[in-house]
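This briefing sets out the main features of one structure for a reader who is new to it. The points are grouped by topic after the display.

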Amino acid sequence: MEDLRQSVLVQWRVNGELHELDVLAGVSLLDVLRDTLGLTGTHMGCMTGHCGACTVAIDGRIAKSCIALAATLPRAEITTIEGLVGPDGKLSPVQQAFWDEAGFQCGYCAPGMLFATIELLAENPDPTDAEIDRGLAGSLCRCTGYQSIRRAVREAARRLREPA
């Protein structure tokens with residue numbers, strides 16, 4: 001049986017910044033992001049990977065950080081919700097669409113909704129409501145009733161399709 005107190009050296013680029021860390025074998029990526037790196041925008045929700053509050057991008061693909069063991073990622077490019085803001089401090093088009101369309105109330109679901117939207121629109125630039133619902137299925141919101149979220153995704157899609 002593996003000793004969960006054993007530490008593993010990981011090298012991550014988190015939101016563009018290089019980190020070399022010793023992480024314990026049984027510690028989640030969520031815990032390292034929040035407790036070691038202070039990136040608290042990644043939320044702790046269900047701790048089973050079902051709610052989406054802990055969503056991040058690992059090497060360009062969305063992942064639930066509460067069920068990803070940090071030690072299994074010896075080298076990784078990780079983006080948290082804090083990393084979605086542009087270098088000039090401006091919100092990304094997806095974030096701005098959610099803001100403008102009141103896609104969030106409390107914001108707890110923001111990591112999951114934003115990352116799922118980014119991934120959905122990268123694969124399907126003009127999704128139907130049914131496709132939006134499927135794309136966001138791994139992220140739960142207990143506040144909005146989803147109408148404003150769908151509106152925000154449609155608006156984000158429109159903005160991303162427009163020439164800059």
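Arg150 counts as buried, with a relative accessibility of 16%; buried means under 20% relative accessible area, exposed over 50%, and partly exposed in between (1.4 Å probe, protein chains only). Arg150 forms a salt bridge with Asp133, with the closest N and O atoms 2.7 Å apart; a salt bridge is a side-chain nitrogen of Lys or Arg within 4 Å of a carboxyl oxygen of Asp or Glu. This is a predicted model, in which local features need pLDDT of at least 70 and side-chain atom pairs count only at pLDDT 80 or more, while totals for chains, interfaces and linings use all residues. Residues are numbered from 1 along each chain as its sequence is written, and side-chain values use heavy atoms, with hydrogens and water left out.

**Salt bridges**

- Arg150 lies in helix α5 and Asp133 in helix α4, so their pair ties together parts that are 17 residues apart in sequence; helices (H or I, at least four residues) and strands (E, at least two) are DSSP runs, numbered from the N terminus.
- Asp133 counts as partly exposed, at 35% relative accessibility.
- The structure holds ten salt bridges.
- One of them joins the side chains of Asp126 and Arg161, at 3.3 Å from N to O.
- Asp126 lies in the loop between α3 and α4 (129-135) and Arg161 in helix α5, so this pair ties together parts that are 35 residues apart in sequence.
- Asp126 counts as exposed at 53% relative accessibility, whereas Arg161 counts as partly exposed at 43%.
- Arg158 forms a salt bridge with Glu162, the closest N and O atoms being 2.1 Å apart.

**Nonpolar cores**

- The largest nonpolar core has 22 residues, of which Phe98, Met113, Leu114, Leu136, Ile149 and Val153 touch the most other members; such a core is a set of buried Ala, Val, Leu, Ile, Met, Phe, Trp, Tyr and Cys residues joined through side-chain atoms within 4.5 Å.
- Helices α2 (93-100), α3 (110-123) and α5 (147-161) each supply at least two residues of this core.
- Helix α3 gives the most to this core, with seven residues.
- Apart from this core lies another, of 18 residues, among them Val10, Leu37, Ala70 and Ala71.
- Leaving aside neighbours within four places in sequence, Phe98 is in contact (heavy atoms within 4.5 Å) with residues including Gly103, Phe104, Met113, Leu114 and Ile149.

**Helix α1**

- Leu29, Leu30, Val32 and Leu33 are the buried residues of helix α1 (residues 29-36).
- These buried residues pack against β1 (7-14), β2 (17-24), β3 (55-58) and β5 (75-79).
- Gly38, whose phi is positive, near 70°, follows α1.

**Cysteines**

- A search of the whole structure finds zero disulfides, a disulfide being a pair of cysteine sulfur atoms within 2.5 Å.
- Cys51 is in no disulfide, and the nearest cysteine sulfur, that of Cys46, is 3.8 Å away.
- The sulfur of Cys54 is 3.6 Å from the closest cysteine sulfur, in Cys66, which is too far for a bond.
- Cys51 counts as buried at 7% relative accessibility, and Cys54 counts as buried at 3%.
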